[in-house]
Amino acid sequence: MRDFHLPGRSATYACNGMCATSHPLAAKVAVQMLEAGGNAMDAAIAGAILLGIAEPQMTGIGGDCFALFTPPGEDRVIALNGSGRAPAGLSADRLRADEHKIFPKTAVDAVTVPGAVDAFCRLSRDWGKLGMRAACAPAIHYAEAGIPVAPRVAADWVGDSSVLTGQAKADYLIAGKVPRPGQIYRAPKMAAALRHIAMDGRAGFYEGEVAEDMVDSLRACGGTHTLADFAATQSDYVDPVAGGYGGLELLEHPPNGQGATAILLLNILSHFDIAGMAPFGAERAHIEAEATKLAYDARDRFLADPDHMARLDHLLSSDTAAKLAALIDPARALPAALPGAGAVHKDTIYITVVDKDRMAVSLIYSIFNGFGSGISSDKFGILFHNRGAGFNLIPGHPNEAAPGKRPMHTIIPAILRRRGKLLMPFGVMGGQYQSAGHARFVSNVTDFGMDPQAAIDGPRAFAYQGALRVENGYGDAVKQALSDLGHTVVAPPSAIGGAQAILIGEDGVLIGGSDPRKDGCALGY
């Protein structure tokens with residue numbers, strides 16, 4: 001139990017239904033959908049679409065999503081891959097000929113076809129109750145009426161807005177300036193696009209007027225995208241991957257997401273007595289940092305579009321984890337030259353909903369970098385993600401860029417089960433950090449018995465690009481101890497990631513947590 005003398009946030013308790021996400025209006029809208037007779041899928045979709053208006057630097061219908069969910073009253077977990085593919089005209093050879101060593105982050109080549117809308121429409125049709133008209137209605141309202149810009153959103157907007165180009169500056173700035181906290185942001189062009197989706201489903205986005213606007217806008221920037229690329233977009237039901245830690249079963253979305261990396265990380269950590277360490281001391285932070293470097297190095301070697309990846313079993317193998325764990329020296333950091341986590345990818349939203357029938361949805365939705373590619377469509381103001389930056393340009397690599405291929409994704413939803421029973425949907429935002437964040441969250445719950453809010457609140461550290469980024473929640477003595485172990489300790493430019501979770505108690509009570517690093521909350525009824 002937290003010390004009530006100190007600032008903090010209690011977990012949220014409710015019986016009928018709950019949503020936890022990074023913006024309070026989205027949580028409110030999700031709960032309203034439940035109260036109106038919708039289920040967890042309706043609520044999650046409505047909340048997610050609204051987050052594209054409330055946090056446009058993080059997400060939007062020009063992006064991708066992944067979902068894990070359980071049907072009502074079941075413990076079976078289903079996964080849906082809502083990530084789009086590279087256009088048929090993409091050429092890695094051309095990019096290499098233009099002297100690119102890594103895939104460009106903000107060029108139009110980085111715009112893969114957005115997959116989220118197809119996924120939302122499919123999930124609504126197959127598993128929802130109220131349909132896409134109801135799911136789009138709140139976002140349409142707020143896109144026109146406006147939303148006051150929340151403090152964390154405003155802070156991110158400042159750092160991310162430099163990538164905006166051309167029409168996107170008009171669509172995502174207010175009178176040419178970054179909005180201040182509390183200033184009203186409106187997106188009437190986006191409301192018009194959402195009306196097409198509400199009326200015509202996926203065809204309202206991937207065909208007709210909206211698709212033509214997107215393709216014309218991308219081609220004007222030098223893109224190879226065609227209407228055929230958009231019309232061919234389709235989400236896919238896939239089987240989750242699973243691993244165990246501390247008596248819990250962790251279910252993750254399979255590649256092209258990096259969920260297998262979280263399982264590998266926990267498999268490595270299982271070779272150490274994490275529960276015997278101080279929860280927020282240097283010893284645990286060091287072991288986690290070393291495990292992160294090794295797991296992410298393996299990820300970057302093997303993880304890719306599943307149609308091009310042959311080493312998933314290797315990533316999930318206990319033998320692989322044992323060999324990597326043996327490389328960790330508790331008294332000394334591995335060399336900084338180890339690749340570890342790669343480029344910056346930090347902008348994502350996560351939403352989880354559990355309803356009265358105990359359908360649970362774990363959904364993550366993103367445009368990749370802050371404001372994605374920085375390119376928006378002329379007529380409807382749809383901001384395009386830059387997910388193609390998840391590709392590499394290494395000839396023959398499983399994640400080498402290619403036409404019709406899905407790039408490696410950082411975004412991952414998760415669900416925990418105990419003895420085969422649904423226990424907790426959760427997710428951690430923060431791009432590259434997400435696999436490390438999943439492992440840290442699960443360890444907080446299992447090794448230290450924390451409730452969802454406490455497990456989210458704890459300070460974070462992340463081994464990243466040759467340095468160990470350590471949040472201010474760690475004391476100076478811990479930072480010095482980590483430095484003495486050979487880590488290059490630096491302060492992260494902002495808080496590391498965000499997280500949400502909903503625990504289903506043994507008595508059926510829902511216990512929600514939402515990260516104070518973001519503006520949102522857990523809300524139930």
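How far apart are the mean positions of the 46 positive and 54 negative charges of the protein chain? They are 2 Å apart. In this count Lys and Arg are positive and Asp and Glu negative, while His and the chain ends are not counted. The place of each charge is NZ of Lys, CZ of Arg, CG of Asp or CD of Glu.

Colleagues, the model before you is predicted: local features need pLDDT of at least 70, side-chain atom pairs count only at pLDDT 80 or more, and totals for chains, interfaces and linings use all residues. Residues are numbered from 1 along each chain as its sequence is written, and side-chain values use heavy atoms, with hydrogens and water left out.

I begin with the chain as a whole. Its secondary structure comes to 18 helices and 19 strands; these are DSSP runs, numbered from the N terminus, with helices (H or I) of at least four residues and strands (E) of at least two. The radius of gyration is 21 Å, close to the 24 Å that the globule rule gives for 525 residues, so the chain is as compact as a globular protein of that length. That radius is taken over C-alpha atoms, and the rule is 2.2 Å times the number of residues to the power 0.38. Along its principal axes, the C-alpha trace spans about 60 × 55 × 40 Å.

Buried residues make up 62% of the 525 residues. Buried means under 20% relative accessible area, exposed over 50%, and partly exposed in between, with a 1.4 Å probe and protein chains only. Contact means heavy atoms within 4.5 Å. Among contacts between residues at least 6 apart in sequence, 74% join residues at least 24 apart.

I turn now to helix H12, residues 259-269. Of its 11 residues, 11 are buried, among them Thr-261, Ala-262 and Leu-265. The buried residues of H12 pack against strands S8 (241-245) and S9 (248-252), as well as helices H13 (282-302), H14 (312-316), H15 (318-325) and H16.

Helix H16 covers residues 434-448 and includes Ser-435, which is buried at a relative accessible area of 0%. Leaving aside residues up to four places away in sequence, Ser-435 touches Gln-258, Thr-261, Ala-262, Leu-265, Tyr-296 and Ile-412.

Next, the backbone. Which residues have a positive phi without being glycine? Ala-175 has phi near 55°, and Phe-371 has phi of about 60°. Ala-175 lies in the loop between helix H7 (167-172) and strand S6 (184-185), and is exposed at 78% relative accessibility. Phe-371 lies in the loop between strand S11 (360-368) and strand S12 (413-418), and is buried, with a relative accessible area of 0%.

Finally, the cysteines. How many disulfides does a search of the whole structure find? It finds 0, a disulfide being a pair of cysteine sulfur atoms within 2.5 Å. The sulfur of Cys-15 is 17 Å from the closest cysteine sulfur, in Cys-19, and therefore too far for a bond. For Cys-65 the closest cysteine sulfur is in Cys-121, at 10 Å, also too far for a bond. Cys-15 is exposed, with a relative accessible area of 51%, whereas Cys-65 is buried at 1%.
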